[in-house]
Amino acid sequence: MAKAKMTAFFCKECGFESAKWVGQCPGCRQWNTMVEEPTAKTVPAAKVPTRVRNQERVKPALLSEISIDEQDRMKTGFEELDRVLGSGVVAGSLVLVGGDPGIGKSTLLLQVCRNLAASGKQVLYISGEESLKQIKLRANRIGTVTGELRFLCETNLDTIQSVIEERKPQIVVIDSIQTMFREDISSAPGSVSQVRESTNVLMQLAKGLGIAIFIVGHVTKEGVVAGPRVLEHMVDTVLYFEGERTASYRILRGVKNRFGSTNEIGVFEMLEEGLCEVKNPSEFLLSGRPEDASGAVVACLMEGTRSILLEVQALVTESNFGMARRTAAGADYNRVNLLMAVLEKRCRYDLGRFDAYVNIAGGMRMSEPAMDLAIVLAIISSYKDKPVDPSTVIFGEVGLAGEVRAVSMAEQRVHEAKKLGFTTCVLPRLCLEKMKPVEGIRLIGVSNVKEAIGAVV
């Protein structure tokens, strides 16, 4: 008689396990996220490897007994990547790198491996998607590879585990986690069970041997890493590579980091020889600004601990249809509609019969509330067809009553604007009252939208 095949239902979002299918996951309360997967085979205690059963008993340690050395951080050769990671790669960390196909994930990690190997580190690059010849062709494009950088094409995680334990490299790259599989799990590579178990094995290797492991993850059409959501909870750091494949720039954004601040970004430019870091993204994003053009305003936003200046563009034209059209590229569409409603209600501007298009130049995607005032003034500048002084930078949050609210790190934003040659800054009055005067730049404090429009447009 054939033995029944053991299966269970797993939630794609949180990894909750259930013996039967349910419409709503009891763990995360999401609907239609349960998928059926074969359960992992249990290994009898007698078959557990001797190296696991014979380990010494783990002893708890006091904080005073734990030493943290600077050597625990390894520099990648990219200052932008080191900033996002929190001053370098931490030994024993597990880093997940996600992004759209063709965005440059493998190229960036290969360049990082080359830099680390050149600095004397032992690096192992494991690919489940490319052959050794394909990797060499890409390596020849990015430059000469020196040092202890070894390559392995394998998808069997048991074999990979044996190689890592034998070689004991300092850095390991897995490209990608969706191609890895374990033989004792009968489901296909990329399934919930395989991804969860593979990540668990890699996490134990990273923590047990002190190896920094980078995992490449494919993303879905919604822009999140494919597989169970628990994958992002298991790793130490989650990085997303953003940008259009047709554009030259790339943005590496940290959304989770146990060793540094989140929401840090690194800017890269895709060149023929690979990715090149952009150390001054404000200058890069403001290059090519139009002179004396209405609807163009410079805003100063914060991404983590970095202040970035970028151009907010707006185009307001009379609509040819019964319903006005609204379009936002790089900014939140609903936020733009909200700000236009504030202008109509509080400032009595008749924008209901005008089409409005808002764009963040350079393709950046920003959601910080400090961009509100810049969007408002860009819309009014285009509506009145009056240009804003190109040496003026603007930031502030706008409320539904038309008030301009304070934002964080105002002084740091002003100093960044001064460094790039701006002579005037329009900011919330509450921020101005708490700041010291900054020599070389005129500060204009505003408390509501009407004051800001009167001071600028």
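Predicted model: local features only at pLDDT ≥ 70, side-chain atom pairs only at ≥ 80, totals over all residues.
Helix axes are here lines fitted to C-alpha atoms over the stretch in contact, and angles run from 0 to 180 degrees between N-to-C directions.

**The whole chain.** Display the C-alpha trace, which spans about 80 × 50 × 50 Å along its principal axes. Colouring by secondary structure brings out 13 helices and 23 strands. Of the 457 residues in the chain, 48% are buried. Among contacts between residues at least 6 apart in sequence, 66% join residues at least 24 apart.

**The surface.** Next, select the charged residues; the mean positions of the 56 positive and 55 negative charges lie 4 Å apart.

**A helix pair.** Select residues 157-167, helix α5, together with residues 192-209, helix α6. Their axes come within 11 Å and cross at roughly 5 degrees. Because angles under 35 degrees count as roughly parallel, α5 is roughly parallel to α6. Show side chains at the contact: α5 contributes Leu 157, Gln 161, Ile 164 and Glu 165, while α6 contributes Ser 198, Val 201, Leu 202, Leu 205 and Leu 209.

Centre the view on Ser 198, which lies in helix α6. Is Ser 198 buried or exposed? Its relative accessible area is 0%, so Ser 198 is buried. Leaving aside residues up to four places away in sequence, Ser 198 touches Leu 157, Ile 177, Met 180, Phe 181 and Arg 182. Of these neighbours, Leu 157 belongs to the α5 side of the helix contact.

Definitions and conventions:
Residues numbered from 1 in each chain as written. Heavy atoms only, no water. Helix = DSSP H or I, 4+ residues; strand = E, 2+ residues; numbered from the N terminus. Buried < 20%, exposed > 50% of the residue type's maximum accessible area, 1.4 Å probe, protein only. Contact = heavy atoms within 4.5 Å. Lys, Arg positive; Asp, Glu negative; His and termini not counted. Charge placed at Lys NZ, Arg CZ, Asp CG, Glu CD. Parallel < 35°, antiparallel > 145°, perpendicular 65-115°, else oblique.
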